Amino acid sequence: MRGVADRTLIVALLVVVILGGIGLSTYSLLAGGEDRYAVHTEGMHFACGKCKHAFVKDDLTVRQLDVNPAVLRVDCPACRAKGSAIPSVKCMKCGAYFVLASYADPAAKRAGRARDVCPKCGTDRDEWFREHFRRKR
Ligand SMILES: [Zn+2]
Ligand SMILES: [Zn+2]
């Protein structure tokens, strides 16, 4: 059972890091409460799966933010494809933005056929979290 608990914590950490990029004000969204619909975002990074265009979106609606980032899809401003862009995340090591296999191809990720590796420095996101998680304890 211990492995399951660890996994849950790692997923929770991932979510915290991803949401951290949106800005502190989003905290009120997670916490619920009166400010729930008065959310201001500072931009979330996306990458288009069709034309590879990378962009930052500042005007996400509460409805768009209120979902798991893994299933969030927005329209691409470059090629105008509908729902083609998925969130990209910041590499914990070098700061480059890239699309996680967890978002682009969850089935492959689960089956172990794909890894969340930064294309710039080669850091495996899962391993990075495992290592930092271990060091903390
Ligand atoms: Zn595009
Ligand atoms: Zn990197």
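A nonpolar core is taken here as a set of buried Ala, Val, Leu, Ile, Met, Phe, Trp, Tyr and Cys residues joined through C-beta atoms within 7 Å. In the present structure, which is a predicted model, the largest such core holds 13 residues, and those that touch the most other members are Phe 46, Ala 47, Cys 48, Ala 85, Phe 98, Val 99 and Leu 100. Strand 1 supplies the largest share of this core, namely 4 residues. In soluble globular proteins, nonpolar side chains tend to be buried together.

Of its 137 residues, 16% count as buried. When contacts between residues at least 6 apart in sequence are considered, 46% of them join residues that are at least 24 apart.

Strand 1, which spans residues 44–48, pairs with strand 2, which spans residues 54–57, in the antiparallel sense and over 4 bridges. Within this pairing, Met 44 of the one strand is placed opposite Lys 57 in strand 2. The two strands form a hairpin with 5 residues between them. Cys 48, one of the core residues that touch the most other members, also has a set of contacts beyond its sequence neighbourhood: with residues up to four places away left out of the count, Cys 48 touches His 53, Cys 76, Ala 78, Cys 79, Ala 81, Ser 84 and Ala 85. Ala 85 in turn belongs to the group of core residues with the most contacts to other members.

For Lys 52, phi is near 70°, and the residue is located in the loop between strand 1 and strand 2. Lys 52 counts as exposed because 12 C-beta neighbours lie inside 10 Å, the limit for that class being 12 or fewer. For Arg 80, phi is near 65°, and the residue is found in the loop that runs between helix 3 (62–65) and strand 3 (85–87). Arg 80 likewise counts as exposed, because its C-beta neighbours inside 10 Å come to 11.

Key. Residues numbered from 1 in each chain as written. Chains lettered and ligands numbered in written order. Predicted model: local features only at pLDDT ≥ 70, side-chain atom pairs only at ≥ 80, totals over all residues. Buried ≥ 20, exposed ≤ 12 C-beta atoms within 10 Å, placed from the backbone. Contact = placed C-beta atoms within 7 Å. Pairing = 2+ DSSP bridges.
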